[in-house]
Amino acid sequence: MPKKSTLESAADLPVAPGGAVAVDRAIALLHTFSQERKTLTLTELAAATGLYKSTVLRLLASLEHGSLVRKTPAGYELGNEVPRLFSAYSKSFSMESVVVPELTGLVEQTRESAAFHVLQNGQRICLFRVESPQLVREHIQVGDILPIDRGAGARVLMAFTGAKGALYDRIRREGVIVMEKDRSSEISGISAPVFAHGDVLAGAVTLTMPAHRLDHDHAPLVLACARRLTKALGGKFPDMADPIISPLKG
């Protein structure tokens with residue numbers, strides 16, 4: 001019996017509706033590989049998935065046959081079919097088709113404006129935005145360059161690119177921040193990070209509103225949106241403490 005894994009055992013995972021156990025377990029094996037764990041032994045694969053070595057070997061045989069893994073003297077690595085699939089995925093992938101529906105859902109839940117901010121050449125850029133249906137709102141357009149050192153979205157981007165200080169420690173610890181009148185005396189915001197390809201920072205999802213409409217109950221909705229986007233983009237959202245959700249003033 002393999003050692004007890006700290007991860008959820010593949011043997012205990014529910015089968016996808018209408019799916020096959022073997023396929024789900026093979027996918028669980030592929031999920032164990034990462035930038036930090038490029039080569040894994042049979043023992044490590046069994047321990048990581050909670051599967052018997054004999055089961056892992058049968059799954060590896062099929063994955064090898066499909067060139068999804070390959071055996072080396074040091075263990076097992078991802079095979080040459082993986083970069084081909086990634087290339088095909090990259091060419092067909094549209095971040096807009098993933099991000100904008102989530103922002104739209106967030107706006108429908110909160111009736112406030114939602115945006116996705118990214119860092120580009122040392123600047124914060126509004127990459128996607130869905131406007132609030134309310135007449136009184138902040139007027140920012142896609143492509144606008146915003147301050148990198150002020151605003152909820154900026155604070156999140158700074159926190160996850162190494163900024164130091166108690167505020168940024170708190171953002172990294174809790175995963176969401178409520179900023180009151182940080183970029184402007186009339187605007188408040190709530191923001192959370194989004195990750196892609198493991199732990200690579202992809203951007204920040206941010207809800208903005210007139211300061212008088214700031215609602216702390218929207219923070220969990222922003223955090224949930226960031227988690228869903230992270231999953232959709234192939235990222236891994238870090239383990240976070242339960243947020244305190246008290247506003248911070250700029």
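The legends below describe close-up views of a predicted model of one protein chain.

Residues are numbered from 1 along each chain as its sequence is written, and side-chain values use heavy atoms, with hydrogens and water left out. Because this is a predicted model, local features need a pLDDT of at least 70 and side-chain atom pairs count only at pLDDT 80 or more, whereas totals for chains, interfaces and linings use all residues.

**View 1. Confidence along the chain.** The mean pLDDT, which is the predictor's confidence in each residue from 0 to 100, is 85 for the protein chain, and 86% of its residues reach 70 or more. Over residues 1–8 the pLDDT stays under 50, and the model has eleven contacts (heavy atoms within 4.5 Å) for them beyond four places in sequence. Where pLDDT is low, the predicted coordinates should not be read in detail.

**View 2. The salt bridge between Glu112 and Arg213.** A salt bridge is a side-chain nitrogen of Lys or Arg within 4 Å of a carboxyl oxygen of Asp or Glu, and by this rule the count comes to eight. In the pair shown here, the closest N and O atoms of Glu112 and Arg213 are 2.8 Å apart. The pair links distant parts of the chain, 101 residues apart, since Glu112 lies in the loop between α5 (95–110) and β3 (113–120) and Arg213 in the loop between β8 (200–210) and α8 (219–232). Both Glu112 and Arg213 are buried, where buried means under 20% relative accessible area, exposed over 50%, and partly exposed in between (1.4 Å probe, protein chains only).

View 3. Arg170 and Glu174 both belong to helix α7 (residues 166–174) and sit four residues apart, about one turn of the helix. Their side chains meet in a salt bridge, at 3.4 Å from N to O. Arg170 is buried, with a relative accessible area of 13%, and Glu174 is buried too, with 2%.

**View 4. The buried face of helix α1.** In helix α1 (residues 21–31), the buried residues are Ala26, Ala28 and Leu29. Seen down the axis of α1, they fall within an arc of 155 degrees, so they line one face of the helix; the arc is that of the directions from the helix axis to the C-beta atoms. What covers these buried residues includes α2 (42–49) and α3 (53–65).

Definitions and conventions. Helices (H or I, at least four residues) and strands (E, at least two) are DSSP runs, numbered from the N terminus.
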